[in-house]
Amino acid sequence: MKQNIFQKKDENVVIPPLESSQAKAQSAEKTTLTSDFVPAAGQSGDVINLVGINQIYNDHGSSNIVFKDFNLDVKDIKDCGQFITLMGKSGCGKSTLLRYISGLQAPTSGDVYIYGKKRTEKDRIPMVFQQYTSFEWKTVLDNVALPLILKGVSKSEAHEKAMDMIKIVGLTGHENKWAKYPILSGGQLQRVAIARNLVVNPQILLMDEPFGALDTVTRKQIQVFLRSIFEEAKVDPTVIFVTHSESEAVFLSTDIFILDSGPANVKHHFKIDLPAKRDDSVRYSTVFTDYVNKLGYMMEDLKKGK
Ligand SMILES: Nc1ncnc2c1ncn2[C@@H]1O[C@H](COP(=O)(O)OP(=O)(O)OP(=O)(O)O)[C@@H](O)[C@H]1O
Ligand SMILES: [Mg+2]
């Protein structure tokens, strides 16, 4: 197995040499899917490269340097999905990184490569936001089918594929409802957003604090659901996920990266060696709580500036 590396090129990042059983399990029985959202794989073998990124905001006479010659590489693990979580203090630049990758924002200087090719204006990587982002004037079915329609897929085929995805995310019976709160709950609306982004089989999926607005019980349920759809839908994207919740990070991730700030750097990287299939029982294991505690200490140190 190739080791996943997501690191600042010139940093001494801690990368424990774990041969993860989950990665082996995930690689079995998986279908490799292609997507029009990203270019075909380039020569580098990497999923994402951020190279020499600088981001300076000039605000009322003072300048805020968010990134200074920042580099990040996300290695591909062939035929195997990976959940990469970014954590760090508020304002360190996590959402900004996702916006660079998605194409919503360009850095002050520096380059973004997707599968070895410099990203172009028309490359768009799907992103799920904290705020519910469905189209309220469309039904659940039309919301989920929309990305396929925009790609030129016929309406009947788009609806058929959308219905499959609606089933996977557990919303069968809700397909003709407006995708609107309170007709659908917050958790259901996030499922619509996830279905809409997954229906095109993206190779990369970006999620920026997608469950931040949910209550604790719903949040745990949707975490289990998110892990399970990668099994059921036989999709294996690279997910770049942002959260402030240590337990959410451990539950979902294959890798966690902690960024410090001013300007941002990768401070820590560690792999989560838990089984690929994760249900609520995982949360009660000693391994899980050890990871959560370790992460908690790291985040505390970060806040103290250690
Ligand atoms: N358009 C802008 N103009 C000025 N400053 C900006 C702009 N966009 C982002 N910033 C600054 O860039 C920094 C990084 O912002 P970003 O939203 O990426 O942080 P974050 O790590 O996602 O924080 P949080 O955890 O609170 O979501 C912050 O200091 C923010 O104030
Ligand atoms: Mg943010």
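Start with a pair of helices: the axes of α3 (residues 140–150) and α4 (residues 155–168) come within 8 Å and cross at roughly 120°. Here an axis is a line fitted to C-alpha atoms, for helices over the stretch in contact, and angles run from 0 to 180 degrees between N-to-C directions. That angle is why α3 and α4 are called oblique to each other; angles under 35 degrees count as roughly parallel, over 145 as roughly antiparallel, 65 to 115 as roughly perpendicular and the rest as oblique. On the α3 side, the contact is made by V140, L141, V144, A145, L148 and I149, while α4 brings K155, A158, H159, K161, A162, M165 and I166. Two residues are in contact if their C-beta atoms, placed from the backbone, lie within 7 Å. By class, this contact has 10 nonpolar, one polar and two charged residues. Ala, Val, Leu, Ile, Met, Phe, Trp, Tyr, Cys and Pro count as nonpolar, Asp, Glu, Lys and Arg as charged, and the others, Gly among them, as polar.

A quick word on the model itself. It is predicted: local features need pLDDT of at least 70, side-chain atom pairs count only at pLDDT 80 or more, and totals for chains, interfaces and linings use all residues. Residues are numbered from 1 along each chain as its sequence is written, with chains lettered from A and ligands numbered from 1 in the order in which they are written.

Now hop over to A195, which sits in helix α5 (residues 186–198). Leaving aside neighbours within four places in sequence, A195 touches V144, M165, I166 and V169. V144 belongs to the α3 side of the contact above, and M165 and I166 to the α4 side. A195 counts as buried because 26 other C-beta atoms lie within 10 Å; the cut-off for buried is 20 or more, with C-beta atoms placed from the backbone. A195 and A145 are 50 residues apart along the chain, yet their C-alpha atoms are separated by 9.2 Å.

Zooming out, the protein has eight helices and 10 strands, where helices (H or I, at least four residues) and strands (E, at least two) are DSSP runs numbered from the N terminus. Of its 306 residues, 41% count as buried.

Finally, ligand 1. Its shell is Y57, D59, N64, V66, G88, S90, G91, C92, G93, K94, S95 and T96, each with its C-beta atom, placed from the backbone, within 6 Å of the ligand. The shell has three nonpolar, seven polar and two charged residues.

Technical notes. A residue is buried if 20 or more other C-beta atoms lie within 10 Å of its own, exposed if 12 or fewer, and partly exposed in between; C-beta atoms are placed from the backbone.
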